[in-house]
Amino acid sequence: MLNVRVIVNNKEIYPLSNTEPVIIEVKDNHSRIVVTDGFHFTRPIDLTYKQPSYYHFKVVCSIDDMQLLGNAFVLIVFYLLGFYTGTLALKLLSFLPIVYLLFAYYIDRNSFIQIKQDKFAKR
C-alpha cells in the first residue's frame, strides 16, 4: 500500500487514507496542491477562488483494477499457449503485460498518480 500524501503550497503535508475523506482547509486564494507517494508526483494544481468554496478531488492510479486483471489474463493466456505449443514468440508475448506495468510505474511517473475533480463539486 502506498503512503500517499497531499502537499499544499510546498509546506503543509496531509496524509491520505483509503477509508475516509480528508478535509484540508486552505486560507490562501492562490494555493497549489500536489499529491505524492514519495516516488511519483502529480502535476501541481492551482486552486483559485473569489468566495468561500470547496473542491472535491479523487486521487486515482493510472492502472485500475480491471487493467491489472486484464494484464494478468493476457499474461496467463499467452504463457499457457506458448507452453503447450512450444512457440517462443508466444512465450515472449506473455512478458508484454509486465513490460507495460513496469513502464507505467517507473517511466511514466508523472501520470501514475492522478488527481480527478468531480464535475459538480466546485462551489
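Author: What follows sets values for this predicted model against the cut-offs behind the terms.

Reader: What makes S31 buried or exposed?

Author: S31, which is found in strand 3 (residues 31-36), has a relative accessibility of 1%, and because buried means under 20% relative accessible area, S31 counts as buried. Leaving aside its neighbours within four places in sequence, S31 is in contact with N9, V26, I45, D46 and L47.

Reader: Why is F103 called partly exposed?

Author: F103, a residue of helix 3, has a relative accessible area of 44%; since buried means under 20% and exposed over 50%, with partly exposed in between, F103 is therefore partly exposed.

Reader: How do you know that F103 can belong to a nonpolar patch on the surface?

Author: A patch is made of residues with over 30% relative accessible area, and F103, at 44%, passes that cut-off. F103 is listed in the patch together with L88, L92, F95, I98, V99, L102, Y106 and I107, and these residues have about 930 Å² of accessible area together. Helix 2 (88-93) and helix 3 (96-107) are the elements that give two or more residues to this patch, and the largest share, six residues, comes from helix 3.

Reader: Turning to the rings, how many aromatic pairs are found in the whole structure, and what makes the pair of Y55 and F57 stacked?

Author: A search of the whole structure finds seven aromatic pairs. In the pair of Y55 and F57, the centres are 5.7 Å apart and the angle between the planes is 5°; because centres within 6.5 Å make a pair and planes under 30 degrees apart count as stacked, this pair is stacked.

Reader: What makes R109 a charge over the ring of F39?

Author: R109 lies over the face of F39 at 4.3 Å from the ring centre, and because the distance cut-off is 6 Å, R109 meets that part of the criterion.

Conventions
Residues are numbered from 1 along each chain as its sequence is written. This is a predicted model: local features need pLDDT of at least 70, side-chain atom pairs count only at pLDDT 80 or more; totals for chains, interfaces and linings use all residues. Side-chain values use heavy atoms; hydrogens and water are left out. Patches are made of residues with over 30% relative accessible area and no salt bridge: like charges are joined within 9 Å, nonpolar side chains (Val, Leu, Ile, Met, Phe, Trp, Tyr) within 5 Å. Accessible areas come from the Shrake-Rupley method with a 1.4 Å probe; for residues, only the protein chains shown count as cover. A salt bridge is a side-chain nitrogen of Lys or Arg within 4 Å of a carboxyl oxygen of Asp or Glu. Helices (H or I, at least four residues) and strands (E, at least two) are DSSP runs, numbered from the N terminus. Buried means under 20% relative accessible area, exposed over 50%, partly exposed in between (1.4 Å probe, protein chains only). Contact means heavy atoms within 4.5 Å. Rings of Phe, Tyr and Trp (its six-membered ring) pair if their centres lie within 6.5 Å; planes under 30 degrees apart count as stacked, over 60 as edge-to-face and the rest as tilted. A charge sits over a ring if NZ of Lys or CZ of Arg is within 6 Å of the ring centre and within 35 degrees of the ring normal.
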